[in-house]
Structures are given as structure tokens and as C-alpha cells.
Amino acid sequence: MQSWSDTAVPTVPGSGPALRLFDTADKQVRPVTPGPTATMYVCGITPYDATHLGHAATYLTFDLVGRVLRDAGHEVNYVQNVTDVDDPLFERARRDGIDWRALGTREIDLFREDMEALRVIPPRDYIGAIESVNEVVELVDKLLASGAAYIVDDPQYPDIYFRHDATEQFGYESGYDRATMERLFAERGGDPDRPGKRDPIDALLWRAERPGEPSWPAPFGAGRPGWHIECAAIALNRIGTEFDVQGGGSDLIYPHHEYSSAHAEALVKGRRFARHYVHAGLIGLHGEKMSKSRGNLVFVSKLRRSGTDPAAIRLGLFAGHYRQDREWSDTVLTEALTRLDRWRTAAALPSGPAAEDTVARLRQHLADDLDTPKALAALDNWSHQALTYGGPDTTAPTLIRDAADALLGIPL
């Protein structure tokens with residue numbers, strides 16, 4: 001699947017410090033330790049609606065991760081999926097009287113436009129579930145052969161499930177107790193009451209063919225992939241196991257990331273799927289999580305059509321720390337627009353105060369678990385000094401422009 005157009009990233013003199021990120025499994029901030037090429041997998045959209053600010057916050061978080069890694073001297077092999085075969089897509093297509101493939105194509109195109117407008121550096125591999133069906137079939141076949149998966153006793157719909165106890169370490173990523181797992185499994189796409197399962201929280205690997213649903217041939221019977229196995233297969237076949245960062249929103253910690261990791265680890269014994277599990281907080285509106293089910297969405301495309309500068313969207317979402325659940329509001333956007341105007345006015349001056357220390361602090365704050373509030377404050381301080389007192393350094397405005405663009409994705 002085609003990604004979106006690349007964005008130019010200026011070169012900033014020197015290099016940044018090593019990145020440290022909070023790891024969900026270890027529950028602490030610790031160094032990210034890639035080799036020359038850092039590897040990152042971030043879960044993509046299910047394309048049944050437009051990109052809202054909750055999506056944007058996640059992809060901007062991992063855009064920052066990639067930028068900081070590049071600034072520290074690494075190449076970045078970034079992989080993202082698109083779940084272009086899934087129940088929500090079919091349900092929305094039926095509701096709107098549109099072919100599910102056409103709906104998916106339309107929303108994927110809009111997502112690409114939004115990401116390009118937000119200046120998100122595109123993934124090296126952008127892979128749809130449809131493209132990866134053969135990979136999923138191969139992985140499910142191996143899980144069946146190993147005993148990590150089983151076919152339910154249902155002659156009509158012999159679905160295939162993953163035994164959640166197939167790995168000794170199951171649950172290490174989320175750290176949730178059984179009661180929490182059961183509650184979230186039911187709330188987040190699981191089917192605990194499916195007859196024939198050995199355990200209510202065993203996860204679907206392969207959904208047997210149903211009338212009116214797309215299906216693909218497989219040695220164990222025609223059907224289509226489950227959600228978690230899709231990400232496991234795509235990641236395994238492009239960056240392997242023990243890659244550097246697996247990312248997504250905090251609502252993916254369980255069951256999605258727990259199971260995608262377990263699927264891979266059941267085959268690659270004793271190896272952790274990712275070295276770092278990193279999760280972005282959720283974006284709320286009027287006191288509730290922004291979600292399609294609640295209908296309280298702010299769409300990136302609508303903001304863009306209204307004339308909102310995408311750089312202000314970035315700044316508004318960066319005003320809070322990425323791991324925090326936070327609110328979007330007209331006030332957040334207004335403050336971001338004011339900040340952006342102040343930075344641009346200062347960066348357009350013919351000279352200003354020396355900027356090397358500001359760039360060093362910007363790098364330091366971003367490398368420290370993406371502390372964007374402090375990073376923005378560093379640029380606020382330079383802009384205030386430049387606008388209030390001026391300065392003799394004719395290279396400083398250019399350095400600030402390049403650093404803001406390269407590290408934060410904010411063109412000034």
C-alpha cells in the first residue's frame with residue numbers, strides 16, 4: 001500500500017542525546033537502545049471514518065519519536081498497518097450504503113492527506129490487512145501446529161482462537177489482573193461469550209467464512225484475519241521480534257498489543273516482541289474520551305478546511321505530555337495559534353539572541369520521554385527574548401527555524 005509523501009527535514013548542527021521513553025511493561029522511563037537503524041511499529045487506523053484528534057495525537061507522538069531518533073544519528077525503519085478488513089468497516093459501509101472497499105479507500109486517502117498536512121514523516125512500510133492475508137495464514141498455521149491455537153467445535157463456523165496461556169509471560173505488557181482483562185476484552189472488540197472457546201479471553205485468530213463477508217482461502221478453511229494477528233504478522237515479516245518500539249494509543253495496551261505480542265512470542269520462544277512498549281494518552285472533548293461511539297470527534301480534515309494551520313494542531317497536541325489523557329478545546333487551539341504566531345514573528349527577525357543553548361535544551365527535553373511542554377517552553381523563552389530585547393546573532397533565527405522544523409515538525 002502506498003504511504004504519503006515524505007516531508008523534508010532540515011539538518012540541525014550537532015546531534016541530540018539518546019532517547020529515553022516510558023515502557024508500559026516495565027512501568028519506568030528507560031533508554032531506547034537501537035543499533036544504527038531503529039525499528040518501530042505503530043498500529044494504524046481502521047478506515048471507516050476520518051482522522052480525529054485522538055488519532056492525530058498518537059501519530060504525532062511517534063513522529064516525534066522518529067525525529068528524535070534521527071536527530072541522534074539513527075536511521076529509522078518505521079512500519080504501520082491499516083486494518084482495512086474489520087467489522088466496524090463493514091458495519092459503517094452497510095449503514096451508509098457503500099461498498100466496504102470504497103469506504104476504506106476513501107478514508108485511507110483522507111488519512112494520507114491529514115498526515116501529510118501535519119508533516120508526519122511517513123512509514124517505510126505501510127501495509128494493509130488485505131495485503132498481509134497470506135502472511136496471517138502462514139502464522140495461524142504455525143500456531144495451530146504448535147498447539148498455541150485451536151479450532152472451536154462448530155461445524156458451521158470453525159473459528160480459530162489463540163490460547164492466552166500459550167506463553168508463560170502473558171500479561172506482562174499490560175500488567176492487568178484477570179478481572180481487568182475480562183472487562184477490557186469485552187469492551188474492546190473481544191467475544192468472551194463465543195461458544196466453544198476454552199477460555200473467555202482467548203483471542204480470535206481467524207474468522208471462518210460467513211455469508212456476505214469477504215474471505216480468503218486457507219489450509220484450515222476460508223475466512224479472514226482477526227485483529228491482533230494482523231499486526232503480529234506484519235511486524236514479524238518486516239522488522240522481526242525485539243524491535244525497538246511498539247506504539248499506539250493507551251487503549252491498545254490490552255487486548256490488542258498484549259495479544260499481538262503474545263502471538264509472536266508463542267512462536268519465537270523466550271523473546272520479547274518489542275524492547276519498548278510505548279503508549280500515548282487519549283484526547284478528550286467536554287470531559288469525555290474522543291471516540292466514534294460517543295460522536296464527540298474533532299476531525300483533522302474539518303479543522304484544515306476551516307483554515308486552521310496544521311502546525312497549530314501539532315502545537316495544541318504537544319502542549320500536554322504525550323502520556324497524559326488531555327482535553328482539546330477552543331482555548332487549546334487559540335493558545336496554539338498565538339504561540340505559533342509569536343514563534344514565527346521572532347524567527348523572522350534578522351537577528352536575535354544566541355540560540356545554541358535553546359536548541360540544546362529543546363533536544364534534551366524531547367529526549368527525556370518526549371517532554372513537549374518543556375520543549376515548547378524553551379522556544380517560548382527564546383522568542384520572548386528575541387521580541388523583547390533583540391540580539392546580535394544573525395544566525396540564530398535560522399537555527400531556531402531549523403530546530404523547530406526538524407525536531408517538532410513545526411515550520412516557522
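**Salt bridges and a helix in a predicted model**

Reader: What do the side chains of Arg178 and Glu182 do where they meet?

Author: The side chains of Arg178 and Glu182 meet in a salt bridge (2.7 Å, N to O), a term used when a side-chain nitrogen of Lys or Arg is within 4 Å of a carboxyl oxygen of Asp or Glu. This is a predicted model in which local features need pLDDT of at least 70 and side-chain atom pairs count only at pLDDT 80 or more, while totals for chains, interfaces and linings use all residues. Residues are numbered from 1 along each chain as its sequence is written, and side-chain values use heavy atoms, with hydrogens and water left out.

Reader: Where do Arg178 and Glu182 lie?

Author: Both are in helix α5 (residues 178–187), 4 residues apart, which is about one turn of the helix. Helices are DSSP runs of H or I with at least four residues, strands are runs of E with at least two, and they are numbered from the N terminus. An α-helix has 3.6 residues a turn, so residues three or four places apart point the same way.

Reader: And how many salt bridges does the structure hold?

Author: The structure holds 37 salt bridges. One of them pairs the side chains of Arg344 and Asp309 (2.8 Å, N to O). Since Arg344 lies in helix α10 and Asp309 in the loop between α8 and α9, this pair ties together parts that are 35 residues apart in sequence.

Reader: OK, switching to α10, which residues there are buried?

Author: The buried residues of α10 are Val332, Leu333, Ala336, Arg339, Leu340, Trp343, Ala346 and Ala347, where buried means under 20% relative accessible area, exposed over 50%, and partly exposed in between (1.4 Å probe, protein chains only). They cover an arc of only 155° around the axis, and therefore sit on the same side of α10; the arc is that of the directions from the helix axis to the C-beta atoms.

Reader: What do the buried residues pack against, and what is on the face turned away?

Author: The buried residues of α10 pack against α8 (300–305), α9 (310–318), β14 (326–327), α12 and α13 (396–408), with contact meaning heavy atoms within 4.5 Å. The face of α10 turned away from the buried side carries the exposed residues Asp330 and Asp341.

Reader: Last topic: which peptide bond is cis?

Author: The bond from Tyr254 to Pro255 is cis, with omega near 5°, and Pro255 is found in helix α7 (residues 253–267).
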